[in-house]
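Colleague: Please take me through this model, and tell me what each word rests on.

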Amino acid sequence: MEFFKHNKTYDFVKMSNYGILLSLVLFLFSLALFVKPGFSLGIDFAGGTLIQIQYDKPAPLPQIREKLESNPAYKGVQVSEFGSQEEIIIKLPIATSQVNQNIGEEIANLLAGTGNLQIRRVDIVGPKVGSELREKGILALSLALLSILAYVSYRYEWRFAIASVLALIHDIVIAAGAIVLFGIDLNLEVIAALLTIIGYSINDTIIIFDRIRETIGIRYNATLKEVINEALSATLSRTMLTSLTVFFVVLTLYCFGGEIIVGFSLPMLVGSIVGSYSSIFVASKLVILLGFDLKQYHQKIAESQKRALEKQKLRAMYEKGRV
């Protein structure tokens, strides 16, 4: 299926001048969000207790807050709606470790006068466990980027590796900025989404880089700009099909999955857009900005082929007993 004419070459390099500017604005805006208001850590990382309660009618939030705050043990409690007016989330900055204490039943007894309610979920994470999960989440993201840098450096010229990793950092920062902007707690679901974005985005970038390398081998007299434009134009239909498929699947999760998976679906929704955009307008442009030289690359390939041919001749002479 072709969305665009396969024999037409679009000037993506020229358009990427504006793309880089837009990316810079979004990147800096996301970094500013990291500082203020900053991430809201979920109980996975901050530790604490989370209780999900369902009412048979709209929950009386002011009355619920008043009853909870009347208990000194629940100072600093946060109460908010969870997907609908009938469901609420209660977040406590404490984590009980007493086996004989059922905090769900205790909260239910305390809120008995606020209406008919049902405890749907109780999650308790200690501060030590939260700290360990936070460190492992950061480690997972760092190792993923380093592994991709090593892999792309092995397969391609080092400038391609740096360009691909910079594009991935761009994708992660903007997706994480959306988390802050929409007030979603940073938890393991968000980390899982960011790791998925890394895999999705690098797949698009590698396919485009492969086509660039193939075009370099065919068009010896073409400029780098012409090579990139031809490669991007040749893969454009494939990129659009993949991107739209992922986008609509994630959009369905976001619209109908409910609040329980919004920490995964929202960053994935943003990442599916930004990842495809960066593969086309950011990664390839960074290769140019990093000073990739087609003449030096052709010379390097020619020398490599010459050495391979010499080794092949020596091997043939050895097999015939001449060496």
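Predicted model: local features only at pLDDT ≥ 70, side-chain atom pairs only at ≥ 80, totals over all residues.

Colleague: Why is Thr114 called buried?

Modeller: Buried means under 20% relative accessible area, exposed over 50%, and partly exposed in between (1.4 Å probe, protein chains only). Thr114 has 4% relative accessibility, so Thr114 counts as buried.

Colleague: Where does Thr114 lie?

Modeller: Thr114 is in the loop between helix H4 (103-110) and strand S4 (117-125). Helices (H or I, at least four residues) and strands (E, at least two) are DSSP runs, numbered from the N terminus.

Colleague: What joins the side chains of Thr114 and Tyr55?

Modeller: A polar contact of 2.6 Å joins them. The term stands for a pair of N or O atoms within 3.5 Å; within protein, one must be able to donate a hydrogen and the other to accept it, and residues adjacent in sequence count only if both atoms are side-chain atoms. Contact in the plain sense means heavy atoms within 4.5 Å. Not counting residues up to four places away in sequence, Thr114 touches Tyr55, Pro60, Gln63, Ile64 and Lys67.

Colleague: What is Arg238 called under the accessibility cut-offs?

Modeller: Arg238 has a relative accessible area of 27%, so Arg238 is partly exposed. Arg238 is found in helix H8 (residues 224-256), and its side chain makes a polar contact of 2.5 Å with the side chain of Asp204. Leaving aside neighbours within four places in sequence, Arg238 is in contact with Asn203, Asp204 and Ile207.

Colleague: What is the order of the strands in the open sheet?

Modeller: The four strands come in the order S2-S3-S1-S4, with antiparallel pairing. Strand S2 (78-81) and S4 stand at the edges with a single partner strand each, so one side of each is left without a neighbour in the sheet. Helix H3 (residues 61-69) packs on the sheet, touching S1, S2 and S3. H4 also packs on the sheet, touching S1, S3 and S4.

Colleague: What makes a space a pocket rather than a cavity?

Modeller: On a 1 Å grid over the protein atoms alone, a cavity is a set of points where a 1.4 Å probe fits but cannot get out, whereas a pocket is an open set with protein on both sides within 12 Å along at least five of seven lines; lining residues have an atom within 4 Å of a point. Grid points are joined across faces, edges and corners, and a volume is the space filled by probe spheres set on the points. The largest pocket holds about 790 Å³ of space. Among its 31 lining residues, the closest to its centre are Gly42, Leu50, Lys91, Asp185 and Asn187.

Colleague: Which element supplies the largest share of the lining of the largest pocket?

Modeller: S2 does, with four residues.

Methods:
Residues numbered from 1 in each chain as written. Heavy atoms only, no water. Pairing = 2+ DSSP bridges. Axes fitted to C-alpha atoms, helices over the stretch in contact; angles between N-to-C directions.
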